Amino acid sequence: MLATRYLSLGFAFLGRNVISFLSETGSSLETLGRSVRSIVTLRCKWRRSMDQIVHIGVGSIPIVTIATFFVGMVMAVHVSTALAQFGVSLTVASIVCASILRELAPIFAALLIAGRAGAGITAELGAMQISGQLLAMRSLSLSVEDELIAPRFLATILSLVSITLLAGISGILGGYIVGIGHLDIPFATYHGKTLDSLDSLDLYCGLFKSVFFGLVIAIVGCHYGLSARGGASQLGINTKRSVVTASFVILVSNFFLTKAFIHLFE
Amino acid sequence: MITIHDFAKSYGDVKILQDIELKVDTGEALVLIGPSGCGKSTLLRHVAGIEDESSGPFSGRIDVGDVQDLLRWPEQKLLHQRIRGNRIGMLFQEGALFDFCNVEENLSWPLRENHKLSPTEILDRIQSTLEQVEMHRIRGLLSKEIRELSGGQKRRIALARSLLLEPDTMLYDEPTAGLDPPVAMDIAKLIRRLSESRGLTSITATHDMNSARIIADRVCFMRDGQIRFIGRIDECETHPEIRHFLQGEVDYAAQTIQ
């Protein structure tokens, strides 16, 4: 009897969570659909998109480039230690270049932007929702999608693609510093090895990932912002959820994207 | 003219409004009074066309001027035909000004998006509306941030923002809430004056009886999501239920209809 009761409670809990997950996914896809329509039909406000690019993109450049610079250095130190045992230390340049462009730059840039800009999007939209500013916009025939949501989508994606490029350059430079300064590889040799290993496919894979991650950050950030209700505590909870969910989706989807690229191109 | 017929609204299993029948004539100012949570603001948001079914199911019919059966209008049609703002204006509790913009951007943004006007024409309209809400004498007002304004000033700017689109119907949600009595009186008198000079049809939701006396042509008392009284202001004060409400004897625990 007790077992049946616990079983039914378990099913109820599972059911509630599945319904909640499906409802949130549906709502997020609806937000995505409206934003895509706004961008495709050119109703998206370009001036507001530019403001958001400055806010999301330009503001994130220092933290992302510094972080990936050190990631590149750490990568070079680790790889060189392992390669030294086999006497192929010069390969460090190729490995750093490929791993930074294909994996580390898009992932680190996306995680840092999710923490910085994704949380900001949720907090801004959530505060506007709670204080009635979004309702006021509707009452003035101002489209929330065209004025607020679509510009954030556009800005997040464009910013993340540009920042991923910068992060890639910065990470490779970090590798240069270790290779030349610490491993005593001549500049011309390290540089030559890096240029030899530069593959446009690595770059395209990294950039495709950054487009996808930008979309994830924008969808999750906007969804949790627009669904904020109540007061400051709920807004705090939604902001935390936004960062956790976006980071989780980025890390999980990265595995599947990597598998797909390997399957398709190699 | 605003006509509300057999309107009902629920949040989940809780009925918020039911059997709402209301008619406001052209140019008339109706004031909704009643305790907090009785459904005044919910009703106003539906008349403004800014509440959709995602907040809870509703039924009935609302006509605002020649906008027939507003509740059945899809979002895109409302937006495309610019019904909200240009035909039906709304002043929100606390103003709901956009706090990421300064005063000028708050006023010019809706105007720029709704009408094809040159920057000079927009500025002229803003100046003339600021005069009407008695804010034109404040030096450097347009460049001020929203956080620099007092509660009364915010309310006046929000009123100007709504009036700039020249709606013929205005909805005021608690226009004097949170203001000290002299400022609240000033706002109530301003609303009355603007309603008369512009010939606005209006509904004001408030629980401030002093403001209601200034603004109202007629008063509608709501409780437990239902209309309990509609009539002149002098009649309403002798109504037993309203007298209890004014004397602070409303039983809030029994208020929500199940």
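How much area do chain A and chain B bury between them, and what percentage of it is on carbon and sulfur atoms? The two chains bury about 1,900 Å² between them, 55% of it on carbon and sulfur atoms; buried area here is the accessible area (1.4 Å probe) that two parts lose on being put together, summed over both.

This is a predicted model, in which local features need pLDDT of at least 70 and side-chain atom pairs count only at pLDDT 80 or more, while totals for chains, interfaces and linings use all residues. Residues are numbered from 1 along each chain as its sequence is written, chains are lettered from A and ligands numbered from 1 in the order in which they are written, and side-chain values use heavy atoms, with hydrogens and water left out.

**View 1. The contact between chain A and chain B.** Chain A gives 20 residues to the contact and chain B gives 29 residues, contact meaning heavy atoms within 4.5 Å. Of the area that chain A buries against chain B, 34% is supplied by A:Arg138, A:Leu140 and A:Ser141, more than any other three residues. Between the chains there are 12 residue pairs in polar contact, both residues at pLDDT 80 or more. A polar contact is a pair of N or O atoms within 3.5 Å; within protein, one must be able to donate a hydrogen and the other to accept it, and residues adjacent in sequence count only if both atoms are side-chain atoms. On the side of chain A that touches chain B, the elements giving two or more residues are helix H2 (46-57), helix H5 (133-139) and helix H6 (144-182) of chain A. Helices (H or I, at least four residues) and strands (E, at least two) are DSSP runs, numbered from the N terminus. H5(A) contributes the largest share of that side, six residues. The class count for the side of chain A that touches chain B is seven nonpolar, six polar and seven charged residues (Ala, Val, Leu, Ile, Met, Phe, Trp, Tyr, Cys and Pro count as nonpolar, Asp, Glu, Lys and Arg as charged, and the others, Gly among them, as polar).

**View 2. Salt bridges between the chains.** Four salt bridges are counted between chain A and chain B, a salt bridge being a side-chain nitrogen of Lys or Arg within 4 Å of a carboxyl oxygen of Asp or Glu. A:Lys45 and B:Glu113 meet through their side chains in a salt bridge, at 2.9 Å from N to O. Over all chains the count is 27 salt bridges.

**View 3. Helix H3 of chain B.** Helix H3 (residues 103-114) of chain B has nine of its 12 residues buried, so it is largely enclosed by the rest of the structure; buried means under 20% relative accessible area, exposed over 50%, and partly exposed in between (1.4 Å probe, protein chains only). Among the buried residues of H3(B) are B:Leu107, B:Trp109 and B:Leu111. Their cover includes H2, H5 and H6 of chain A, together with helix H4 (119-132) and helix H5 (151-163) of chain B. At the start of H3(B), a side-chain oxygen of B:Asn102 lies within 3.3 Å of the backbone nitrogen of B:Glu104.

**View 4. Salt bridges within chain B.** B:Glu75 and B:Arg84 form a salt bridge with the closest N and O atoms 2.8 Å apart. B:Arg84 is buried, with a relative accessible area of 1%, whereas B:Glu75 is partly exposed at 33%. In another salt bridge, the closest N and O atoms of B:Glu134 and B:Arg193 are 2.2 Å apart. This pair links distant parts of the chain, 59 residues apart: B:Glu134 is in the loop between H4 and H5 of chain B, and B:Arg193 is in helix H6 (residues 181-198) of chain B. Both count as partly exposed, B:Glu134 with a relative accessible area of 41% and B:Arg193 with 40%.

**View 5. Surroundings of B:Asp69.** B:Asp69 is in the loop between strand S4 (58-64) and helix H2 (75-80) of chain B and counts as buried at 18% relative accessibility. Leaving aside residues up to four places away in sequence, B:Asp69 touches B:Gly60, B:Arg61, B:Ile62 and B:Asp63. The side chains of B:Arg61 and B:Asp63 meet in a salt bridge at 3.1 Å, N to O. B:Arg61 is partly exposed at 32% relative accessibility, and B:Asp63 is buried at 11%.

**View 6. Strand S3 of chain B.** Five of the five residues of strand S3 (residues 29-33) of chain B are buried, so the strand is largely enclosed by the rest of the structure. B:Ala29, B:Val31 and B:Ile33 point one way, and B:Leu30 and B:Leu32 the other way. S3(B) pairs in the parallel sense with strand S7 (residues 201-206) of chain B over five bridges, pairing requiring that DSSP finds at least two bridges between two strands. Strand S8 (residues 218-223) of chain B also runs parallel to S3(B), joined by four bridges. B:Leu30 stands opposite B:Ile203 in S7(B) and opposite B:Arg218 in S8(B).
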